[in-house]
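Please have the sequence and the structure to hand while reading.

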Amino acid sequence: MATTQQKDYYGVLGVKKTASADDIRKAFRKLARKYHPDVNPNDKKAEEKFKEISEANDILSDDKKRKIYDQFGFYSDQIDPAAAEAAARAGQSGYAQGPRGQQQGAPFDFSGFDFSEEAPGAASGQGWGGFRDIFSGMFNRERQDHGPQPGTDLEYQVNVDFWTAIRGGIARLEIQRQELCPACHGKASTGGSQTCPECHGQGQVTQMGGRMKFNIQCPRCGGTGKVQNDCPTCHGEGTVYRTEPLEFRIKPGTRDGQRIRLAGKGNAGLNGGPAGDLYLIIRGGTHPVFARIADDIHITLPVTVSEAALGSRIEVPTIDGRAQLRIPPGTQSGQKLRMRDRGVPSATKEGARGDEIVTVEVSVPQLRDERSREILREFAKLNPEDPRESIWTKV
């Protein structure tokens, strides 16, 4: 009987066995960014490494799969989580503890179990019937790997200019996605078969879990003992990478960091499974005058001393063109004035708009003639208040 090689999923992700779910997620994301096929085009080693870390993440990020892996040292779809817990409890009760906590003796103590078919309670699922159900659920579940498998999602960051994000428009980019292999149409094989190299044609492999030895259905051939010859075009993957141009519409008011979902534009599924989705993360451009925060527009506006002191009506640039703004008498530098509904149209709430926030910046004039200086000296005599007086009272 062939024996499958156990995989150290914790070692693959570079985390300890006590790692939290958050630690596992962070480790996978870090490695995925390094080995993703989009970052390493036509690099088979990086592609294999990405598959390896994806497999490890799939097992360790799922609580039920992780429990099975931690209990037996491997994972199989044929092992039921409840049955694994039952086996774990039985194993813990059946081991004798030796020096330094080492487990000795037989892995299970089967005393007290009635294995006869005629045992009381067998018809109701107890006795030997219940015990048999545990292990049949553990190792004889039908594999689902050969059924439809949905494609994975893709995520791209898209840079759009300031005005396109506000007014909407068409954005373009190129994406790399997995499509069904044109040679085998996603079947991953050419139709011919050969003896399975994993189980050597026996249809079963042996896995070790502690002191227990399990015969399980071969994960490579699904128990048939035969595997199909890999398609030479896709190397048995069923999909090939293809770069294609993509056009999509940006809604008016789209915010920086907003995610746009394009259904079915992700990687192709296998065995009739649906394609994944494509998620686009929008990064809006900047503007030399306007600054956007959510749906509000911010602008710093210089005003003269007389405009700030006496009050006035001035023209202000907005994203819709020029607009009138009233400057109240005595306006101070740094004061903020709000222009209602002069901001960005909301992309999520119909008919809503943000505001424009105007920060006043009083511009001190450069005096170029004696007459202007005389006027300011006279002004100072008529207004002798000290603007720093309040500071001294707090020192």
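Valine 227 is a residue of strand E9, which covers residues 226-230, in what is a predicted model. The chain holds 10 helices and 18 strands, and buried residues make up 35% of its 395 residues. Among the contacts in the chain with a separation of 6 or more, 63% are accounted for by residues 24 or more positions apart.

**Valine 227 and its surroundings**

- Valine 227 counts as buried, because its relative accessibility is 8% and the cut-off for that class is under 20%.
- Once neighbours within four places in sequence are set aside, the residues in contact with valine 227 are Gly192, Ser193, Gln194, Thr195, Cys196, Pro197, Arg220 and Cys221.

**Asparagine 267 and glutamine 178**

- Asparagine 267 belongs to the loop between strand E11 (259-262) and strand E12 (278-284), and with a relative accessible area of 6% asparagine 267 is buried.
- A polar atom of the side chain of asparagine 267 lies 2.7 Å from the backbone nitrogen of glutamine 178, a residue of strand E5 (residues 169-180).
- Leaving aside neighbours within four places in sequence, asparagine 267 is in contact with Gly151, Thr152, Leu154, Arg177, Gln178, Ala275 and Gly276.
- Is glutamine 178 buried or exposed? Glutamine 178 counts as buried at 19% relative accessibility, because the class takes in values under 20%.
- The side chain of glutamine 178 is also joined to the side chain of tyrosine 241 by a polar contact of 3.0 Å.
- Not counting residues up to four places away in sequence, glutamine 178 touches Thr239, Val240, Tyr241, Gly266, Asn267 and Ala268.

**The second largest pocket and helix H9**

- The second largest pocket holds about 610 Å³ of space, and of the 17 residues that line this pocket, Val305, Ser306, Ala309, Leu376 and Phe379 are the closest to its centre.
- Helix H8 (305-310) and helix H9 (370-382) each contribute at least two residues to the lining of the second largest pocket, and the largest share, five residues, comes from H9.
- By residue class, the lining of the second largest pocket divides into 12 nonpolar residues, four polar residues and one charged residue.
- Helix H9 consists of 13 residues and reaches 19 Å from its first C-alpha to its last, which is close to the 18 Å expected at 1.5 Å a residue.
- At the start of H9, the backbone nitrogen of arginine 371 has a side-chain oxygen of aspartate 369 within 3.2 Å.

- Most residues other than glycine have a negative phi, and most peptide bonds are trans.
- Histidine 200, although not a glycine, has a positive phi of about 55°, and its place is in the loop between strand E6 (189-195) and strand E7 (204-209).
- Histidine 200 is exposed, with a relative accessible area of 57%, because that class begins over 50%.
- Alanine 294 also has a positive phi, near 55°, and is found in the loop between strand E13 (291-293) and strand E14 (296-304).
- Alanine 294 counts as partly exposed, at 38% relative accessibility.

**Two further loop residues**

- Aspartate 320 sits in the loop between strand E15 (312-318) and strand E16 (321-327), where aspartate 320 is partly exposed with a relative accessible area of 49%.
- The side chain of aspartate 320 makes a polar contact of 2.8 Å with the side chain of arginine 353.
- Aspartate 320 and arginine 342 are 22 residues apart in sequence, and their C-alpha atoms are 7.7 Å apart in space.
- Histidine 36 is placed in the loop between helix H2 (21-35) and helix H3 (44-60), and at 22% relative accessibility histidine 36 counts as partly exposed.
- Histidine 36 and lysine 49 are 13 residues apart in sequence, with a C-alpha to C-alpha distance of 8.8 Å.

Technical notes: Residues are numbered from 1 along each chain as its sequence is written. This is a predicted model: local features need pLDDT of at least 70, side-chain atom pairs count only at pLDDT 80 or more; totals for chains, interfaces and linings use all residues. Side-chain values use heavy atoms; hydrogens and water are left out. On a 1 Å grid over the protein atoms alone, a cavity is a set of points where a 1.4 Å probe fits but cannot get out, and a pocket is an open set with protein on both sides within 12 Å along at least five of seven lines; lining residues have an atom within 4 Å of a point. Grid points are joined across faces, edges and corners, and a volume is the space filled by probe spheres set on the points. Helices (H or I, at least four residues) and strands (E, at least two) are DSSP runs, numbered from the N terminus. Ala, Val, Leu, Ile, Met, Phe, Trp, Tyr, Cys and Pro count as nonpolar, Asp, Glu, Lys and Arg as charged, and the others, Gly among them, as polar. Buried means under 20% relative accessible area, exposed over 50%, partly exposed in between (1.4 Å probe, protein chains only). A polar contact is a pair of N or O atoms within 3.5 Å; within protein, one must be able to donate a hydrogen and the other to accept it, and residues adjacent in sequence count only if both atoms are side-chain atoms. Contact means heavy atoms within 4.5 Å. The expected span of a helix is 1.5 Å times one less than its number of residues.
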